[in-house]
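Have the structure open as you read.

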Amino acid sequence: MECKVKWIEGGMSFLAETGSNHAVLMDGAPEAGGRNLAPRPMELLLAGTGGCTAFDVVAILKKGRHAVTGCEVNLTAERADTDPKVFTHIHFHFRVTGKGLKPEVVTRAINLSKEKYCSASIMLGETAKITHDFEIVEAA
């Protein structure tokens with residue numbers, strides 16, 4: 001995996017170009033010299049973690065032939081007050097939509113992601129307490 005990050009002169013914006021040929025803009029907060037044009041790098045780290053675990057949960061449910069039709073993950077994170085301001089607590093709230101989904105099946109999918117598959121959350125779990133909960137929404 002590769003990524004190149006380039007500073008855009010004139011502020012605190014950075015353009016990341018990924019090995020899969022995608023670009024992502026990042027910017028700092030105004031108080032740090034940024035112009036608030038794009039997400040902060042730590043926001044993208046949190047978003048990537050949410051994407052990683054949501055991907056796992058949907059893939060696990062689909063592989064088990066469960067009728068999943070939607071998956072949202074709301075993440076809330078706390079950071080240390082002093083540098084390095086690592087994440088100290090991250091809570092994942094899953095909202096999984098489908099037909100006839102059973103709580104034990106969703107719990108299993110979340111646990112497999114948490115314990116085995118989601119590289120991002122497992123890595124962040126080295127500095128942060130990770131908690132999860134979920135709700136199931138019956139599809140119409």
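Helices here are DSSP runs of H or I with at least four residues, strands are E runs of at least two, and both are numbered from the N terminus.

Keep in mind that this is a predicted model, where local features need pLDDT of at least 70, side-chain atom pairs count only at pLDDT 80 or more, and totals for chains, interfaces and linings use all residues. Residues are numbered from 1 along each chain as its sequence is written, and side-chain values use heavy atoms, with hydrogens and water left out.

Now look at α1 end to end: its 23 residues (41-63) reach 33 Å from first C-alpha to last, close to the 33 Å expected at 1.5 Å a residue (that is, 1.5 Å times one less than the number of residues). Just after α1, R65 takes a positive phi of about 60 degrees.

Pick out V57 next. Leaving aside residues up to four places away in sequence, V57 touches C71, F94, A109, I110 and S113 (contact means heavy atoms within 4.5 Å).

K4 has E17 of β2 as its bridge partner. Four residues sit between the strands, and G10 takes a positive phi near 105 degrees in this hairpin.

Definitions and conventions. Two strands pair if DSSP finds at least two bridges between them.
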